[in-house]
Each structure stands twice: as structure tokens, then as C-alpha cells.
Amino acid sequence: LIFSRRVLITTRDGAPCLLFRIGNRRCNLLLQPDIRVGLNVPRNTKEGETYIERKDIDVVVPGAISAACTIAHYITEGSPLAGLTAATLDPDVTLSVVLSAY
């Protein structure tokens, strides 16, 4: 499997949405995929400790993946991305993606 290196924040069906792609280079059918996405945010405590806080992101999961698939996260009020802009987003924030399927 390969994952896009960049994400896109755009509008889909009139709602703000984060999109990224997953590619299955074998082109075999992956059934009932379970995709878990986390927003990894660097944090510093008052005491000077640095750690990564992971916030789960809900995504729309397809029923199957064969070649390439676009994964979407709709940015709602409860989303960890709500209210963030390119100017306010920490450049060290990353996404982690875990995919399991049959």
C-alpha cells in the first residue's frame, strides 16, 4: 500500500473536507477495510516535557479498496481540525494512518 504524501483541504458537497489517497499497488480487492486516522500534534508541558498528542479523526471508509481510493474526513465542529487555518496549523503536525482489511 502507498499513501499520499500530502493532504488536501477543500469543499466537498458544500462542507469543508480533508482528503488523502490510498493506493493498492497489487490491485487485489481489500474487503471491509478498517481505516484509523490520527492527528499527531506536538505538545510541550509547563515543565518542559515534549510529547505527541494523538487525536482520532473520523473518516468515511469505503466497503472495498482495489487500486486507488480517496479517504475523506468532513471537518465539523467536533473535528480536531475545526477552526484551523494554514496560518494557525503547526507545521510539525502529522497524520498517522492504519489500515487493516481482508
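## Strands and overall form

Helices and strands are here DSSP runs numbered from the N terminus, a strand having at least two residues, and on that basis isoleucine 9 is found in strand E2, which covers residues 8–12. The model is a predicted one, and the secondary structure of the protein comes to 0 helices and 9 strands, so that, as runs are numbered from the N terminus, the order of elements reads β-β-β-β-β-β-β-β-β.

The C-alpha trace spans about 50 × 35 × 20 Å along its principal axes, and among the contacts in the protein with a separation of 6 or more, 61% are accounted for by residues 24 or more positions apart. Of the 102 residues, 26% are buried, while the accessible surface comes to about 7,100 Å², with 51% of that area belonging to carbon and sulfur atoms. The protein has 11 positive and 10 negative side chains, and the centres of these two sets lie 11 Å apart.

## Pairing around strand E3

Several of the pairings listed for this model involve strand E3 (15–23). Strand E1, residues 2–3, pairs with E3 in the antiparallel sense over 2 bridges, and phenylalanine 3 stands opposite isoleucine 22 in E3. E2 and E3 also run antiparallel and are joined by 5 bridges, with arginine 12 standing opposite alanine 15 in E3.

E3 pairs in the antiparallel sense with E8 as well, over 7 bridges, and within this pairing leucine 19 has alanine 72 in E8 as its bridge partner.

Leaving aside neighbours within four places in sequence, isoleucine 9 is in contact with Cys17, Leu18 and Ile75.

## Residues with positive phi

Most residues other than glycine have a negative phi. Aspartate 13, in the loop between E2 and E3, has a positive phi near 55 degrees, and the hairpin formed by these two strands has 2 residues between them. The relative accessible area of aspartate 13 is 76%, and this residue is therefore exposed, given a cut-off of over 50%.

Cysteine 27 is another residue other than glycine with a positive phi, in this case near 60 degrees, and cysteine 27 lies in the loop between E3 and strand E4, the latter covering residues 30–31.

## The largest nonpolar core

The largest nonpolar core holds 17 residues, of which Ile35 and Ile71 touch the most other members. The elements that give two or more residues to this core are strand E3 (15–23), strand E5 (34–44) and strand E8 (68–74), and E5 gives the most, with 4 residues.

Which residues are in contact with isoleucine 35, leaving aside its neighbours within four places in sequence? These are Ile22, Val59, Val61, Pro62, Ile65, Ile71, Val97, Val98 and Leu99. One of these contacts, Ile22, is the residue in E3 that phenylalanine 3 stands opposite, while another, Ile71, is named with Ile35 as touching the most other members of the core.

Notes
Residues are numbered from 1 along each chain as its sequence is written. This is a predicted model: local features need pLDDT of at least 70, side-chain atom pairs count only at pLDDT 80 or more; totals for chains, interfaces and linings use all residues. Side-chain values use heavy atoms; hydrogens and water are left out. Contact means heavy atoms within 4.5 Å. Buried means under 20% relative accessible area, exposed over 50%, partly exposed in between (1.4 Å probe, protein chains only). Accessible areas come from the Shrake-Rupley method with a 1.4 Å probe; for residues, only the protein chains shown count as cover. Lys and Arg count as positive and Asp and Glu as negative; His and the chain ends are not counted. The place of a charge is taken as NZ of Lys, CZ of Arg, CG of Asp or CD of Glu. A nonpolar core is a set of buried Ala, Val, Leu, Ile, Met, Phe, Trp, Tyr and Cys residues joined through side-chain atoms within 4.5 Å. Two strands pair if DSSP finds at least two bridges between them.
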